Amino acid sequence: ASARVSAVLSGYGINPKEVVCSTTGARSKIDIKAEKINSKISRSALTDDMENACGYKLATPSVTHTDDATLISFEKKPKYNLRTGQAQHIAEGKLCGDKIDSFSDREGNRIIVISDGMGTGHRASRDSGATVKLLGDFLEAGFDKSTAVRLVNSIMVMKSVDEAFATVDMCVIDLHSGEAAFEKLGACASYVVREGEVRALFQIAHGMTEYIGRYHEFMAFLA
C-alpha cells in the first residue's frame with residue numbers, strides 16, 4: 001500500500017519522506033510526511049487517485065505545512081452519515097438551563113453532549129454551557145471520555161464559590177462501525193429506537209446521584 005501511495009504522490013510532484021498506512025478495526029489512515037510543497041495541488045484530484053490506489057473511499061485530506069515539510073493525512077470515509085435534530089423549551093425567563101453540542105473527536109467519532117444545569121435561568125445556563133464547552137474542548141484535543149469528565153468536574157468545582165451542578169448525557173457514535181456508546185452522569189433515561197423497538201438506557205445508581213460538581217463515578221452503556 002505504501003508503494004502505491006508513493007507512486008500517486010510522485011505523479012503530483014510530491015516527494016514523500018515517509019508513508020504510514022494503518023488500519024484499526026474499520027478505520028484506515030494514511031499519514032504522509034513529504035518535502036515541503038510550495039505549488040498548489042488539487043485535493044479532490046489527489047483524493048480520487050489515492051482512492052483508486054487504496055481501493056476505498058477517502059475523506060478530504062488534512063494538510064499541514066511546517067518549515068521544512070508538508071504533512072498530509074487521509075482517513076477512510078465513514079460508512080455512515082449522521083443526521084441530528086434538537087428542540088428546547090425554556091421553563092421560565094429568557095435563558096434555557098440545558099445546553100447541547102455535537103462535534104468529532106480525533107478518532108473520527110461523532111459525539112453529542114447534553115447538559116442540564118441545576119435550577120433555571122442564568123445560573124443553570126452558565127453551568128451547563130461551561131460543562132458542554134469544556135467537554136468538547138478536551139475531547140477534541142484527544143482526551144478519553146473518563147479523563148475529560150474528571151477534568152471538567154475539577155474545573156467546575158474550583159471555579160465556583162458554591163456548588164455548581166450540571167448533568168452530562170453523552171452519546172459517542174462510531175460512524176465506521178455504527179456502534180453507539182452512551183455515557184451518563186446524573187442524566188435521565190435515553191431512548192434508542194431500532195427496528196420498531198424502543199430501548200431505555202439508565203444510569204446505574206450508586207447510593208446518590210452524581211453530577212458535574214459532585215462527581216464520584218462515571219458509567220457507560222453500549223447499544
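## I100 and the strand it sits in

I100 is partly exposed, at 28% relative accessibility (with a 1.4 Å probe and protein chains only, buried is under 20% relative accessible area, exposed is over 50%, and partly exposed is in between). I100 belongs to strand 5 (helices, H or I of at least four residues, and strands, E of at least two, are DSSP runs numbered from the N terminus). A87 is 13 residues away from I100 in sequence, and their C-alpha atoms are 9.8 Å apart.

A quick word on the source: this is a predicted model, where local features need pLDDT of at least 70 and side-chain atom pairs count only at pLDDT 80 or more, while totals for chains, interfaces and linings use all residues. Residues are numbered from 1 along each chain as its sequence is written, and side-chain values use heavy atoms, with hydrogens and water left out.

## The largest pocket

I100 turns up again here: together with G85, I112, I114 and D169, I100 is among the residues closest to the centre of the largest pocket, which has 27 lining residues. The space in the largest pocket comes to about 680 Å³. For the record, a pocket is an open set of points on a 1 Å grid over the protein atoms alone, where a 1.4 Å probe fits, with protein on both sides within 12 Å along at least five of seven lines; lining residues have an atom within 4 Å of a point. Points are joined across faces, edges and corners, and the volume is the space filled by probe spheres set on them.

Who does the lining? Strand 5 (98–104), strand 6 (110–116) and strand 7 each bring at least two residues, and strand 5 contributes the most, with 5. Sorted by class, the lining has 12 nonpolar, 9 polar and 6 charged residues (nonpolar being Ala, Val, Leu, Ile, Met, Phe, Trp, Tyr, Cys and Pro, charged being Asp, Glu, Lys and Arg, and polar being the others, Gly among them).

## Salt bridges

There are 7 salt bridges in the model, counting a side-chain nitrogen of Lys or Arg within 4 Å of a carboxyl oxygen of Asp or Glu. One of them pairs D174 with R27, with the closest N and O atoms 3.0 Å apart. The two residues come from distant parts of the chain, 147 residues apart: R27 is in strand 2 (residues 27–35), while D174 is in the loop between strand 7 (168–173) and strand 8 (180–185). D174 is buried, at 14% relative accessible area.

K145 and E183 make another salt bridge, with 3.9 Å between the closest N and O atoms. K145 lies in helix 4 (residues 145–159) and E183 in strand 8, so this pair ties together parts that are 38 residues apart in sequence.

D127 is buried at 2% relative accessibility, and R126 is partly exposed at 36%.

N109 is in the loop between strand 5 and strand 6, and it counts as buried, at 12% relative accessibility. H176 is 67 residues from N109 in sequence, yet their C-alpha atoms are 8.3 Å apart.

A180, in strand 8, is 71 residues from N109 in sequence and 9.4 Å from it in space, C-alpha to C-alpha. A180 is buried too, at 15% relative accessibility.

## The surface around strand 9

Y191, V193 and V198 make up a nonpolar surface patch of about 360 Å². Patches take residues with over 30% relative accessible area and no salt bridge, joining like charges within 9 Å and nonpolar side chains (Val, Leu, Ile, Met, Phe, Trp, Tyr) within 5 Å; areas come from the Shrake-Rupley method with a 1.4 Å probe, and for residues only the protein chains shown count as cover. V193 is in strand 9 (residues 190–194) and is exposed, at 64%.

What's the backbone angle to look at here? Phi of E195 is near 55°, a positive value in a residue other than glycine. Most residues other than glycine have a negative phi. E195 is in the loop between strand 9 and strand 10 (197–201) and counts as exposed, at 81% relative accessibility.
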